[in-house]
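Biologist: I have a model open on my screen. Please show me how to read it.

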Amino acid sequence: MPYSYASNPSTTSTRAGTISFSGSLSATFTLTQDAATGGGGSDLIVDGGFESATASGFVAPGWVITPSPGSSHWLIIKNGPYGHAGITYASLGGENVTQYDWLMQTVTIPSNATASNLTAWINVTTQEALGDNVYDVLWVALYDLNGNPITTLRQLSNQDALLSNNTLGNYFQVGPFDLSAYKGMTVQVAFVAFTDSSLPTTFLVDDVSLQVSTVADNPPTTSITMPASGAAVSGTVNVAATAADDHAVTSLEIDIDGLAKVSNTNSTSLSYSWNTMLVSNGQHQIYSKAYDGAGHVTTSSIVIVTVSNNALVVTKSGTGSGGVTSNPSGIDCGTTCRFDFALNTQVTLTATAAVGSSFSGWSGACSGSSPQCTVTMSQAQNVTAVFTSPPVASAFYVLAPCRIIDTRDSTPLANLATRDVTVAGVCGIPPSAVAVVANITAVAPASGGFLAFYPAGSTWPGNSTLNYRTGKTRANNAILRLSGGVTTVFNNGSMQNFIIDVTGYFQ
Amino acid sequence: MKNILRLTLSMILLGVSGNALAQSGPYSYYALTPCRAVDTRETNGTNGGPIFGSNSTRNFQIRGICGIPTGAKAVSLNLTIVNATQSSFLTVWPSNVARPFVSMLNFEAADPSLANGVLVGLSSNAQDLSVYNNSGNVHVIIDVTGYFQ
């Protein structure tokens, strides 16, 4: 099988063969062409030297000229004496006529270009007095495909005949102009001459070059980062995708069941809040698609999730242990802490504490501390049962009454604010104290409200310790459990000063 | 005359016997994270509504919830009233004895809310803690903060 050399192959290929000599002598060989790894440089301008033009006045391949090819005003000179190189060049202007001459070529700057430099050789000769005002002009410019100007790269005029010593064939180079700002765009490189009606200026253009350097552009990678494949989901689910590319991810989208749900541009991450209540229960497919500027599209691995919107999920928390069962049956948690009930089923949950533990209450779709709770499965529901193990036994130690804190000496506690008050180490209370016997005072409240004390480091358990009334300085006695020797105060009412006095502790 | 005297002695003995039931110990204290055990503003139930009426007693279940074991002998709690319609007082006591003539929380109708800390014994009944309201309507909240055992 003959081997053909491939330009920029994406994979490595090999061919093996055998060379036989006369007699029994032979040799084997392997020919390997590695996958192209790097990029390279190339000239985007087709026939920048116009040498492929068939005759004067006719367009060179790749170029568009105005006036049109074959008119009496020749813009392409074949077999002329004044080329920068070769025997063909473009000649703009040069007549005593008010007119524009256009020489344009459409190019697409690759999105993976690392450099893009336009150069051209120009020769300017004029019959204007050298150094006179600008009368005749040549613009080196970029236009869009609709013929609208994008930018002028260089403006030359009859004054620039000085650069050519006003001698035909005496070229100077313009550029390089960096066009990398137009990566991924298709534009027209234009040489536009304007001449007025007297004392002509001739602009010769030759050897136009747009050198681009590119590097390899591999397809992007992308994946769904959440939810996990195989996950059981309900309600509103946060779907997230990431993507990466060796250049840039130009677009990223998340598809669910084959339909694009959301997309963005020029970002490597994307998320989508998926309301699973709007789809059927059962399996659904999620994947992401990433696009790069080189036209590559990558689809991620498919993540399959199971939507279950009538699932009752029971979670157990707390320091103790116990079980939760349901009627109708389904939940035995234990081990089965999730069950899909029919829509609108009334499910009664029963919490049973293990020996040595006690049930302390529900949260989520259930509340209160009764061991039984009924949930209506109008949607997916989550219930948490809290079991606690018995706290440690402690004995009472009496103290001389002692003031722990008086916020009038520091700052009052704002409404809806909490403050940690360290009790251990004050008033003779040891670090090992588990609770203090305290008298709590609210001083001169500006409105009604309450203070709640609870062990530091946990959320407010919904209790109250001292209810205060507008204008009434009021006290209450309380046993305050500590955590690490610290109690937390939560205030609900008005900016409030408070006092903690202790008379003993438990340890 | 002798028969009448014996009857009187019998009544006194009953009273002594009732008090003696509540005398036991010593017990250790177990501190808890505060936990709302009773709130009569909640829907009707053992530890929920309805609101207390005048001269009414209700029995609540304290052991077995909020981390309080069934073996608990006494509880430390914060007793709170809200929405009182008249000045009144509350009495709290173990549910297996007659209501003692004591008060734990005295309040006015003008108090939007008021609380007092109470240490009180628990009976061995399923509904182990009794609460009495003297007059008017009032909501009662009990937050437990620990127990004795």
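Modeller: The contact takes 35 residues from chain A and 33 residues from chain B. Two residues are in contact if their C-beta atoms, placed from the backbone, lie within 7 Å. This is a predicted model: local features need pLDDT of at least 70, side-chain atom pairs count only at pLDDT 80 or more, and totals for chains, interfaces and linings use all residues. Residues are numbered from 1 along each chain as its sequence is written, while chains are lettered from A and ligands numbered from 1 in the order in which they are written.

Biologist: How do I read a sheet?

Modeller: Strands of a sheet pair through backbone hydrogen bonds, either parallel or antiparallel. Two strands pair if DSSP finds at least two bridges between them. Take the open sheet of three strands in chain A, with the order β14-β16-β19 and antiparallel pairing. Its edge strands, β14 (221-226) and β19 (269-275) of chain A, each pair on one side only.

Biologist: How many bridges join β16 and β19 of chain A?

Modeller: Seven, and β16 covers residues 236-244 of chain A.

Biologist: Which residue is the bridge partner of A:Val237 in β19(A)?

Modeller: A:Trp274.

Conventions:
Helix = DSSP H or I, 4+ residues; strand = E, 2+ residues; numbered from the N terminus.
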